[in-house]
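User: I have a structure to go through. Here it is, and then I'll ask about it bit by bit.
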Amino acid sequence: MNRLIALGAAVVVVLILLSSTLFTVHQTQQVLITQFGEPIRVIRDPGLHAKIPLIQNVISFDRRLLDFESPGEEIILGDQRRLIVDSFARFRISDPLRYYQTVGSLESGIRGRLSSIMSGSLRRVLGNEPLLSVLSTDRLRIMNTIRDQVNAEADSFGVQVVDVRIRRADLPEENTQAILSRMQSERERVAREIRAEGAEIGTQVRARADRERTVLLAEAQAQADALRGEGEEEATKIYAKAYGADPQFFSFWRSMQAYRTAFVEGRAETRLLLAPDSDFFRYFRSAPTPGSIVPPAAPAPTPTPAPAP
């Protein structure tokens, strides 16, 4: 019975020694072996490894890319503009031994140092750049410069900074309102200039159209007067020719036209004050017979209607 107890105790001791001796390194990890607190060696190869039990300790570090987000801070640019810059970085622990000697075994130790390093680098680099460079394609060059500076300082802690990015760059609220007001004033000024130019062009177009209209009307009036004069001249020739062909008939026809004008429908109440022997009624007193000759007489004048009583 005592032998079985002793054997069981021996097995337990052996298992404890084996568990303290053997350890596994994951492919996402790298290990630092310390002996009495002093670093001995670094293991980067994944697999099963051994150490001296109860004397050596295993400290694991992540070998993957790690993220670090810097809180937004206000930075003065080279043109004295103010920006709220929010950035982040990607880094990895490249030297576990140096990292352990300078920072310690915890990952949170490097984050405080990276925050101060990135803040200083952002202020140095952006302090020499204008706002337009930060908001243009030069932004990539600026971020690469910040990354190189942060990486140079972080290398002393056994950390390699792979990338630094400016995630957000906004103007402070008071600057935003001032810029928006200035942009609005500028747009209004441009709008006033465009409206003034449009009004000037409109005035010129209207003046040119009025001038062309006046010229066209004058030319049309001159052409109409010329055509009217030609027509009246032609009418006078036709009247003269007709009168010369048959003066008696022409006189009779003119008298009929005068009767039509005097006794037109709608003038039934019109009163004419004429003498009985007036030449206006000569065709009412005697009508020519066929073949008779009517003595020539001047055309009957058109009487002027007397106003109704």
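User: Is L22 buried, partly exposed or exposed?
Analyst: L22 counts as partly exposed because its relative accessibility is 40%. Buried means under 20% relative accessible area, exposed over 50%, and partly exposed in between, with a 1.4 Å probe and protein chains only. This is a predicted model, where local features need pLDDT of at least 70, side-chain atom pairs count only at pLDDT 80 or more, and totals for chains, interfaces and linings use all residues. Residues are numbered from 1 along each chain as its sequence is written, and side-chain values use heavy atoms, with hydrogens and water left out.

User: Where does L22 lie, and what is it in contact with?
Analyst: L22 lies in strand 1, residues 22–25. Strands (E, at least two residues) and helices (H or I, at least four) are DSSP runs, numbered from the N terminus. Neighbours within four places in sequence aside, L22 is in contact (heavy atoms within 4.5 Å) with L48, H49 and A50. The C-alpha atoms of L22 and A50 are 4.4 Å apart, although 28 residues separate them along the chain.

User: What about the whole protein, how many helices and strands?
Analyst: Eight helices and eight strands. The protein has 309 residues, of which 24% count as buried. Of the contacts between residues at least 6 apart in sequence, 64% join residues at least 24 apart.

User: Switching to helix 7. What is its span?
Analyst: Helix 7 covers residues 247–262, 16 residues in all, and reaches 23 Å from first C-alpha to last. That is close to the expected 22 Å, taken as 1.5 Å times one less than the number of residues.

User: Which of its residues are buried?
Analyst: In helix 7 the buried ones are F250, S251, S255, A258, Y259 and A262. An α-helix has 3.6 residues a turn, so residues three or four places apart point the same way.

User: Which residues make the nonpolar surface patch?
Analyst: Y239, F249, F252, W253 and M256 make a patch of about 490 Å². Helix 7 gives the largest share, four residues, and F249 lies in that helix. Areas are Shrake-Rupley with a 1.4 Å probe, only the protein chains shown counting as cover for residues. Patch residues have over 30% relative accessible area and no salt bridge; nonpolar side chains (Val, Leu, Ile, Met, Phe, Trp, Tyr) are joined within 5 Å, like charges within 9 Å. A salt bridge puts a side-chain nitrogen of Lys or Arg within 4 Å of a carboxyl oxygen of Asp or Glu.

User: Last one: where does pLDDT stay under 50?
Analyst: Over residues 290–309. pLDDT is the predictor's confidence in each residue, from 0 to 100, and its mean for the protein is 81.
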